[in-house]
Amino acid sequence: MHYSSPETTARRVATLLLEAKAIKLSPQKPFQWSSGWLSPIYCDNRIALSYPTARTFIKNELAQLVREHFASAEAIAGVATAGIAQGALVADLLELPFAYVRPEPKKHGMGNQIEGRLESGQKVVLVEDLISTGGSSLKVAEALRSANIDVVGMVAIFSYGFEVADTNFAEKQVELATLSNYSYLIEEALGQGQIGPHEVATLTDWRKSPETWGR
């Protein structure tokens with residue numbers, strides 16, 4: 001039975017990710033993303049899979065998001081690669097079929113983009129670990145729709161909360177539900193003493209304009 005409020009869940013997920021060091025904060029020595037953006041935060045939620053307490057809590061809460069927001073779901077699809085393991089765990093808990101989807105078709109073999117069996121017209125929920133701009137995740141949604149599969153929505157562990165992501169999901173008409181986000185992360189990191197008030201200001205400035213921050 002699910003008793004936690006969305007806020008309690010968001011705070012707990014942020015805490016678990018920080019404890020597992022799946023999220024690293026380094027305002028003074030920023031990371032560089034593959035996009036070229038400089039960032040004071042690096043997030044790899046796959047690390048949480050190595051911690052049973054975090055893994056189980058996230059699995060249960062993602063499944064609950066599916067139940068609450070997308071009760072019509074007939075199958076689960078993980079977004080390759082980071083959403084594969086989480087998607088499989090959620091599908092197993094919900095006793096639903098599972099597949100995973102690449103952002104683009106394989107360059108060899110059968111050239112598959114969808115791995116597993118999804119039926120035409122089937123109602124599918126995508127599982128993703130992290131939402132930044134939403135670009136790669138939405139490519140997967142488009143691939144499923146091109147295969148005549150009904151993408152009813154997407155669930156994810158964590159979102160940076162960029163406005164561009166909100167715009168992209170709205171344009172593609174994909175409903176998104178996430179467990180936690182950047183705001184809760186900063187609050188929990190401050191509460192744990194991992195960052196100070198000055199660093200909060202730096203982290204807040206980054207989210208306002210991540211493409212130019214640090215330049």
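What volume does the second largest pocket have?

1. The second largest pocket has a volume of about 200 Å³, in a model that is predicted, with local features needing pLDDT of at least 70, side-chain atom pairs pLDDT 80 or more, and totals for linings using all residues. Residues are numbered from 1 along each chain, and side-chain values use heavy atoms, without hydrogens and water.

2. Of the 17 residues lining the second largest pocket, Pro-6, Thr-9, Leu-65, Thr-178 and Leu-179 lie nearest its centre. H1, H2 and strand E10 (176-181) each give two or more residues to this lining. A pocket here is an open set of points on a 1 Å grid, where a 1.4 Å probe fits, with protein on both sides within 12 Å along at least five of seven lines; lining residues have an atom within 4 Å of a point.

3. Helix H1 (residues 6-19) packs against helix H2 (residues 52-69) at about 150 degrees, the axes being 10 Å apart. H1 is therefore roughly antiparallel to H2 (angles over 145 degrees, on a scale from 0 to 180 between N-to-C directions). Helices are DSSP runs (H or I) of at least four residues, and strands (E) of at least two.

4. In the contact (heavy atoms within 4.5 Å), Thr-9, Arg-12, Val-13, Leu-16 and Leu-17 of H1 meet Thr-53, Ala-54, Phe-57, Ile-58 and Glu-61 of H2.

5. The largest pocket holds about 700 Å³ of space. Its lining comprises 25 residues, with Ser-34, Cys-43, Leu-130, Ser-132 and Ser-136 closest to the centre. E8 gives the most to this lining, with 4 residues.

Technical notes:
Parallel < 35°, antiparallel > 145°, perpendicular 65-115°, else oblique. Points joined across faces, edges and corners; volume = space filled by probe spheres on them.
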